[in-house]
Amino acid sequence: MAASAVVGGILAMSSLVPSLPQSATNGQSNLGLLSTPASPDFLTNNPLPNGYPWGLDTVANTNPYTNAPNSGVTRNYNFNIARGTIAPDGVNRSALLINGAFPAPTIEANWGDKLTINVCNNIAGPEEGTALHWHGFLQKATPWFDGVPAVQQCPIAPGKCLTYTFIADLYGTSWYHSHYSAQYNAGLLGPMIIHGPKNAAYDIDVGPVLLTDWYHKDYFSLVEQVMETPGGPPPFSDNNLINGKMNYNCSLITDGTHCTPNAGLAKFKFTSGKKHRLRLINAGSEGLQRFTIDGLQMTVMANDFVPVKPYTTNVVTLGIGQRTDVIVTATGPANTTRWMRADNSKTCSLTNQPNALAAIYYEKADTTAVPTTSATQYDDSKCANDPLTSTTPFFPFPATSNPAVTQDVVITFGPNATGNNLFYMNGESFRANYDHPILILANQGNLSYPNDPQWNVYNFGNNASVRLIVKNEFPASHPMHLHGHNFNVLAEGVGTWDGKITNQQNTQRRDVQMVQGGTAAAPGYIVLQYQTDNPGVWPFHCHIAWHVSAGLYINTIEQVNLLKKRTLPATVAQTCRDWAAYSGHEVVDEIDSGLKVRELMPEW
């Protein structure tokens with residue numbers, strides 16, 4: 001009833017004039033406005049050999065994993081993380097903001113540029129550590145800047161800064177977010193656009209379209225709910241947002257929190273007859289999103305950071321962390337208005353209000369008009385991505401039949417000795433130690449890990465390739481993300497894998513893949529494979545925030561001999577010294593898989 005009340009209330013309005021200004025709903029963000037500028041084909045304040053920043057490299061002729069360009073250009077960003085109050089759907093709540101914006105500022109670069117991002121932790125009232133992860137980048141030369149505390153770095157202590165420096169080694173659409181506990185649920189997330197060669201023609205790059213389930217409680221209270229003893233009910237999202245905006249039915253507020261009706265919806269400009277690129281990002285905490293545009297088909301051109309041979313669909317399915325770039329032709333007269341919709345799947349998600357709306361206005365439309373178009377019908381019965389047979393990468397990257405290592409990973413769920421319900425991978429639930437990042441220990445030659453098995457480390461040594469056979473015995477699906485790689489997806493389904501590889505000479509590749517729910521007798525499964533060409537420590541985990549909090553997470557180590565030879569930047573060691581000085585006299589209030597283990601850092 002709540003969902004129909006919210007959407008019904010919007011459809012019954014006489015005009016879409018918001019009650020709140022952008023500063024109240026989204027702070028300093030410029031997303032979701034008709035004045036939001038379109039993205040260029042590429043940035044031009046840099047050399048343009050043969051007319052392009054990447055020269056003669058194309059989607060078809062360049063292996064992005066081995067031959068990324070080096071532009072010699074540095075893009076600098078300065079991020080200040082602090083608390084602030086926003087009302088994306090009209091409901092006031094405290095949030096964690098970067099430069100006062102939700103969504104956080106868009107990072108933009110050309111393929112091959114260097115990104116230098118100075119992140120300062122000014123979170124107060126109370127203080128917290130933090131760290132930012134740059135989702136999907138390989139970090140081949142900079143594994144210490146992947147941004148996962150307790151794995152590649154110590155958290156950035158309150159009042160301190162860390163400068164992340166890495167190459168934009170892949171191109172397309174991605175996002176960045178906090179990897180400290182479930183902090184990104186509170187607003188620490190933003191889009192990334194890396195301009196690169198085109199694999200399909202379009203006229204206008206509309207830019208990022210972030211889809212986020214939204215909660216009115218603070219993230220720490222939600223984590224407490226997840227981790228309480230005995231295991232309580234999981235959190236249900238309160239709303240769903242497009243580029244940080246949606247209305248809410250204020251009559252549902254019963255605790256006195258201030259709520260403004262008709263806070264305002266995101267709006268987009270289309271030009272009739274033109275082809276528009278939309279960069280879809282599921283940047284939520286739990287919900288699987290179904291994205292549609294009333295009356296229009298979409299042509300998929302990329303999944304995650306992987307350009308694919310274009311195919312047409314009327315609905316795009318996105319698990320947490322996944323991105324899909326689509327091209328939409330704006331058919332209809334110049335005064336057309338349409339609804340853009342994102343639905344948290346009622347089959348696959350936990351939500352009290354699953355529907356998000358945004359308005360599309362063609363060039364001669366009344367930009368306050370309420371669209372009257374009808375929703376696209378789609379099948380919501382399966383908690384999975386598009387069939388593997390539909391998604392063929394543009395650049396072929398075959399999967400070997402005989403990987404050097406095959407590792408089964410079984411996902412289960414149940415209570416521990418104190419009654420807390422946890423997730424387990426091969427019988428172990430992850431717990432972090434912020435004082436001892438695994439990458440730093442491995443670089444020093446320490447591969448024993450005193451707190452293993454709770455660190456869930458899988459050391460693949462110097463083997464050349466790894467196959468992960470993931471079996472999910474939990475009834476709900478999981479978006480499984482591997483850092484430092486795009487993996488080949490060999491197979492997916494429910495039951496027992498028959499050993500067959502889908503399109504072996506050019507399997508789907510991406511960095512997040514849904515594994516369906518299952519049982520012990522008939523688990524959901526995915527079979528993933530990748531070359532271990534990136535010396536480092538790379539997490540593999542479910543991207544649902546609450547599942548990570550409950551331990552659904554392992555760490556993989558590869559090419560240990562090469563890893564030991566790497567020289568870590570002094571700033572990484574200084575960040576750990578700063579954290580040790582802070583945590584040595586402050587009790588770090590972490591109750592989930594980011595649990596602080598009270599040990600002091602070794603001397604650096």
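Buried, for today, means under 20% relative accessible area; exposed means over 50%, and partly exposed is in between, with a 1.4 Å probe and protein chains only. At 19%, Cys250 counts as buried.

Ground rules next. This is a predicted model: local features need pLDDT of at least 70, side-chain atom pairs count only at pLDDT 80 or more, while totals for chains, interfaces and linings use all residues. Residues are numbered from 1 along each chain as its sequence is written, and side-chain values use heavy atoms, with hydrogens and water left out.

Disulfides. The cut-off is a pair of cysteine sulfur atoms within 2.5 Å. We have four of them. Cys250 pairs with Cys259, sulfurs 2.0 Å apart. The torsion about that S-S bond is about -70°, so this disulfide is left-handed. Cys259 is buried too, at 15%.

Next, Cys348 to Cys383, again S to S 2.0 Å. The link of Cys348 and Cys383 is left-handed, with -95° about the S-S bond. Cys348 sits in the loop between strands 18 and 19, Cys383 in the loop between strands 19 and 20, so the pair ties together parts 35 residues apart in sequence. Strands here are DSSP E runs of at least two residues; helices are H or I runs of at least four; both are numbered from the N terminus. Both Cys348 and Cys383 are buried.

Then Cys120 and Cys161, sulfur atoms 2.0 Å apart. That link is right-handed, at 105°. Cys120 is in strand 4 and Cys161 in strand 6, 41 residues apart. Cys120 is buried at 15%; Cys161 is partly exposed at 40%.

Overall pairing, in sequence order of bonded cysteines: 1-3, 2-8, 4-5, 6-7. Which cysteine sulfur is nearest to that of Cys542, which is in no disulfide? That of Cys383, 12 Å away. Cys542 is buried, at 0%.

On to rings. Phe, Tyr and Trp rings (six-membered ring for Trp) pair with centres within 6.5 Å; planes under 30 degrees apart are stacked, over 60 edge-to-face, the rest tilted. The structure holds 25 aromatic pairs. One of them is Tyr215 with Trp546: edge-to-face, 5.5 Å centre to centre, 85° between planes. Tyr215 is in a loop and Trp546 in helix 5, so the pair ties together parts 331 residues apart in sequence. Tyr215 is buried at 1%, Trp546 at 4%.

Last, charges over rings: NZ of Lys or CZ of Arg within 6 Å of the ring centre and within 35 degrees of the ring normal. Arg93 lies over Trp214 at 5.0 Å. Lys198 lies over Tyr202 at 4.1 Å.
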